[in-house]
Amino acid sequence: MKKIALTFALFFAVLAFGQTQDLYSLAKGDFLGFNALFDDKDNLYGYVALYDYGKSGDKTKKLEYVILDKNLNPVANKEFEGDITAKDYFGYIDFRNKVILAPSDYDISLIKNKDFFYPRSMEIDLQTNTIKYKVYYDYADGNFTEIAQPKNWKEDRKENKAEKKEKGYNYESYVWEIKEGGYLVAEYNDYGSYINNNALLKFDENKNQIWKYEYNTSGDKKTSEVLKVIDKNENYVFCILQKNNKKDKSTFLVVLDMKTGKEVHNQTITSASPETLERITYYLIYYSSAYSFVSQNLSNDKVFDDKIVMVGRNFDKDKSIGFARMIIDKTNFNVDVQTIEYEKNFKPFLPKLTGNDKFSDGYYLWTKDFFFMEDGSVGILMEKYKPGGQYNAEKTKDLYCAFLDKDFKVTDLKVFEKEKTKWANNDYLFSQYLNDGKDVVFFYRDLQKDQETKDKNWQLFINTFIDGKFKQEQVQISEKDKYVTFPYVGKEGYILLREYNEKDKFNKIRLERLNY
């Protein structure tokens with residue numbers, strides 16, 4: 001490892017000074033939050049910062065957004081009225097190039113109020129710098145209804161209870177607009193302990209039904225079918241269909257014609273255990289709702305022009321024994337599943353593994369991130385983790401990165417030693433693809449004690465995997481009793497550093513160039 005001892009006076013040795021913004025001075029309201037904006041192809045557009053001006057009506061509060069480009073130049077800002085029950089928002093850019101502010105948290109102090117309602121998403125048009133409530137639709141009995149008013153949660157529960165009493169089930173549907181034109185709708189009957197009469201429907205831009213694909217028509221407590229849309233394009237809808245019959249589980253790749261809804265391919269996948277195939281697609285349930293909160297789960301898949309790559313845990317019944325990779329060819333619909341095991345493939349690198357993902361000192365391997373290369377090779381980043389208890393804090397220690405080639409064979413497993421962290425799980429920061437997705441860089445931090453001064457300072461570790469070669473550099477990013485520094489994603493070749501000190505009302509961000 002190349003270690004560079006730096007103070008902030010000598011910071012230019014590795015980083016070149018970049019653009020700066022003061023988050024507290026961008027607007028007059030109370031600073032709420034800040035996050036990166038990526039387009040639908042995962043390219044960084046810029047950032048959105050949000051500010052709160054307080055209650056403006058019985059059901060509203062006044063806020064302001066400020067949009068920055070990837071060079072931290074302000075490009076748009078506007079005050080707006082949002083739902084009072086929204087505590088914070090998470091911004092993203094949809095396929096129409098609209099910025100969507102989706103509620104990421106709600107005001108828990110209001111949830112027991114009889115008038116509590118679920119906050120709605122907002123939509124920003126960057127071309128006109130206008131904002132409005134994002135339009136969502138309910139679908140039932142062949143009709144679309146625009147959701148014009150927020151739903152009161154107690155009234156919603158009352159309606160659901162009455163419907164359940166009358167029909168014996170609740171009809172549920174989700175509508176989402178698609179970039180291929182028109183809408184997809186998922187519908188089913190919810191009996192509480194099971195669901196059935198599922199269907200995926202396609203509608204054109206005028207909301208005329210084009211096709212309907214039915215499944216799980218006779219689902220009950222013992223049998224069920226679950227369809228997960230994993231990708232789509234102008235020609236096909238790619239799905240994983242899982243059938244459960246008591247203890248028997250089977251998984252299928254189902255490909256639907258986008259124009260007709262007919263099956264053009266239906267193939268049983270048998271190259272891994274049913275539990276592995278179920279878990280590898282666990283997060284790939286495709287739906288949209290005006291009241292669905294944004295959660296940022298670990299992304300275990302990446303879609304390329306010619307294939308879909310997914311990685312997840314490899315299971316023997318309910319026991320995690322390693323990892324699995326699934327590649328779906330989008331041209332010939334071939335499915336390739338490869339597996340590895342901790343005992344066979346990781347233990348030669350980590351001799352202290354005593355049983356699958358467990359170490360002799362009680363720690364476990366906890367998956368933190370996946371890196372997907374276009375040739376099918378994969379990086380799996382893990383952290384040494386010990387769960388907490390009633391009287392013990394959760395702990396994390398070293399990081400591990402396994403490199404697997406296009407055949408899913410382990411070529412290397414690197415160990416990144418770091419200090420033990422208690423009560424927090426935020427040493428690993430983020431990853432970023434470079435050079436049009438051909439290479440990757442990932443970042444983590446470690447609070448280390450200087451052996452001479454005994455002072456503790458945060459160290460930033462920059463790890464690149466470029467042209468098959470790994471390189472690591474270390475930079476000090478904080479000094480004791482001054483401010484806390486939060487590294488964050490920046491444009492390619494840069495990192496964004498947010499320096500924060502609440503006491504001094506200091507909250508600045510700056511871009512710093514990295515020497516890859």
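Author: The mean positions of the 79 positive and 82 negative charges of the protein chain are 4 Å apart. Lys and Arg count as positive, Asp and Glu as negative, while His and the chain ends are left out. Each charge is placed at NZ of Lys, CZ of Arg, CG of Asp or CD of Glu.

Reader: Where do these coordinates come from?

Author: This is a predicted model, where local features need pLDDT of at least 70, side-chain atom pairs count only at pLDDT 80 or more, and totals for chains, interfaces and linings use all residues. Residues are numbered from 1 along each chain as its sequence is written, and side-chain values use heavy atoms, without hydrogens and water.

Reader: Ok, how many helices and strands are in the protein chain?

Author: Three helices and 38 strands. Both are DSSP runs, numbered from the N terminus: helices are H or I with at least four residues, strands are E with at least two.

Reader: Which helix holds Lys154?

Author: Helix α1, residues 153-167.

Reader: Switching topic. How many aromatic pairs are there?

Author: A search of the whole structure finds 35. Rings of Phe, Tyr and Trp (its six-membered ring) pair if their centres lie within 6.5 Å; planes under 30 degrees apart are stacked, over 60 edge-to-face, the rest tilted.

Reader: Why is the pair of Tyr24 and Phe31 edge-to-face?

Author: Because their planes are at 80 degrees, with the ring centres 6.3 Å apart. Tyr24 is partly exposed, at 26% relative accessibility.

Reader: What about Tyr444 and Phe461?

Author: Those two are stacked, 4.7 Å centre to centre, with 5 degrees between the planes. Tyr444 is in strand β33 (residues 439-449) and Phe461 in strand β34 (residues 456-466), 17 residues apart.

Reader: Are Tyr444 and Phe461 buried or exposed?

Author: Tyr444 is buried, at 1% relative accessible area. Phe461 is buried too, at 2%.

Reader: Which aromatic cluster includes Tyr444 and Phe461?

Author: One that also includes Phe371, Phe403, Phe416, Phe442, Phe465 and Phe470.

Conventions: Buried means under 20% relative accessible area, exposed over 50%, partly exposed in between (1.4 Å probe, protein chains only).
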